[in-house]
Amino acid sequence: MRAQHIGYAWPAFELVIERGSAIAFARGLDETDPIYLDEAAARAAGLRGIAVLPTFPIAMSTERVDLIYDMLQRLAVDPAKILHASQRFVHHQPMFVGDSLTGTKRIANIADRKSGALTFIDTVIEYRNVAGEPVCEDHCSLVVRNT
Amino acid sequence: MNTLDLTIGSALPPLSTGPVTRHRVAMYAHGSGDLNPIHVDPDYARDQAGLPDVIVHGMYSMGMLSRLLTQWAGPGSVRAIETRFAAMLPVKASLECSGVIEAVQETEDGSLVTVKLTATQADGSAVAAGQAQVFVAAAR
């Protein structure tokens with residue numbers, strides 16, 4: 001039964017938003033606004049560091065792809081059978097290059113659909129800053145094709 | 001400096017990517033760290049996944065939808081964004097991103113705007129859809 005894994009949480013992990021990662025992500029989305037690419041431009045715009053795009057947390061989660069593989073192993077799911085069904089990010093406050101965050105990931109729900117032909121796996125990662133304040137949330141829904 | 005049109009039903013300035021070439025897919029794979037071979041290896045896409053060619057990351061489409069919002073309302077304006085992935089985007093296809101204002105909630109220091117998001121291919125076929133909450137600061 002996969003449902004027994006609902007609520008499973010991995011140990012908290014630390015990460016720092018690195019300059020190279022944020023800039024490569026912005027370039028990957030053809031971003032040309034220098035506040036996402038250049039420290040001096042960001043500071044000139046009144047920001048405390050290089051800004052990051054709203055979907056950058058996906059690169060933060062990919063940095064911990066080991067947690068995804070650990071989950072698939074726990075659930076006995078073939079990685080070739082999964083698709084990204086939906087994705088949601090919630091931003092409680094802006095993030096900048098250089099910020100230190102603590103992430104906690106858990107399995108929020110597992111549900112069969114279409115008479116078991118599909119299984120939806122929902123995970124949540126919550127990120128907090130060094131003051132313990134919520135910064136952002138990553139809500140990911142994967143779908144497993146069981147047939 | 002709120003000069004944005006917040007009329008319900010009005011459209012945000014659209015964003016068109018033009019053809020998403022293999023190089024741009026590789027740039028996104030590098031930037032996101034998602035090097036799944038279905039996005040970067042045509043042999044794998046054909047022989048293992050049964051597709052005619054590699055496909056663009058779903059998160060590329062969501063990223064472009066988010067840029068539609070930040071180009072409109074500025075950095076740090078996106079409070080929440082969600083996307084459902086409707087269909088694969090083949091490499092070299094173009095992505096058309098659009099947003100329509102669905103609701104506006106006034107807050108103490110500005111407006112929280114709900115935007116309906118749509119990403120399609122050039123022929124109008126759905127790629128991704130969703131919505132966002134965008135904060136627009138009050139005029140001062």
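This is a predicted model: local features need pLDDT of at least 70, side-chain atom pairs count only at pLDDT 80 or more; totals for chains, interfaces and linings use all residues.
Chain A contains four helices and five strands. Read from the N terminus, its elements follow the order β-α-α-α-α-β-β-β-β. Along the principal axes, the C-alpha atoms of chain A occupy a box of roughly 55 × 35 × 20 Å. Of the 147 residues in chain A, 31% are buried. Among the contacts in chain A with a separation of 6 or more, 68% are between residues 24 or more positions apart.

Within chain A, strand E3 (residues 100–113) pairs with strand E4 (residues 118–128) in the antiparallel sense, over 11 bridges.

In general, strands of a sheet pair through backbone hydrogen bonds, in either a parallel or an antiparallel arrangement.

The pairings belong to an open sheet of 10 strands, ordered E1(A)-E3(A)-E4(A)-E5(A)-E2(A)-E3(B)-E7(B)-E6(B)-E5(B)-E1(B), with antiparallel pairing. Strand E1 (13–16) of chain A and strand E1 (15–19) of chain B each have a single partner strand, so they stand at the edges and one side of each lacks a neighbour in the sheet. From one strand to the next, the twist averages 20 degrees.

The interface as a whole involves 25 residues of chain B, in contact with 24 residues of chain A. On the chain B side, helix H1 (22–32), helix H4 (58–73) and strand E3 (78–85) each supply at least two residues. By class, this side of chain B has 10 nonpolar, 10 polar and five charged residues.

H4(B) lies across strands of both chains: E2 of chain A, and E1, E3, E5 (94–107), E6 (110–121) and E7 (126–137) of chain B. The angle between H4(B) and E7(B) is about 30 degrees.

H1(B) meets a helix of the other chain. H1(A) and H1(B) pack with their axes 7 Å apart, at an angle of about 155 degrees. Angles over 145 degrees count as roughly antiparallel, so H1(A) is roughly antiparallel to H1(B). Their crossing is left-handed. H1(A) contributes Ala24(A), Phe25(A), Arg27(A) and Gly28(A) to the contact, and H1(B) contributes Met27(B), Tyr28(B), His30(B), Gly31(B) and Ser32(B). These residues of the contact between H1(A) and H1(B) comprise four nonpolar, four polar and one charged.

The buried residues of H1(B) are Val25(B), Tyr28(B), Ala29(B), Gly31(B) and Ser32(B). Among them, Tyr28(B), Gly31(B) and Ser32(B) also take part in the contact with H1(A). The buried residues of H1(B) pack against helix H1 (19–28) and helix H3 (57–63) of chain A, and against helix H2 (37–40), strand E2 (55–56) and H4 of chain B. After H1(B) comes Gly33(B), which has a positive phi near 80 degrees.

Definitions and conventions
Residues are numbered from 1 along each chain as its sequence is written. Chains are lettered from A and ligands numbered from 1 in the order in which they are written. Two residues are in contact if their C-beta atoms, placed from the backbone, lie within 7 Å. Ala, Val, Leu, Ile, Met, Phe, Trp, Tyr, Cys and Pro count as nonpolar, Asp, Glu, Lys and Arg as charged, and the others, Gly among them, as polar. A residue is buried if 20 or more other C-beta atoms lie within 10 Å of its own, exposed if 12 or fewer, and partly exposed in between; C-beta atoms are placed from the backbone. Two strands pair if DSSP finds at least two bridges between them. Axes are lines fitted to C-alpha atoms, for helices over the stretch in contact, and angles run from 0 to 180 degrees between N-to-C directions. Angles under 35 degrees count as roughly parallel, over 145 as roughly antiparallel, 65 to 115 as roughly perpendicular and the rest as oblique. A crossing is left-handed if the near helix is turned anticlockwise from the far one by less than a right angle, and right-handed if clockwise.
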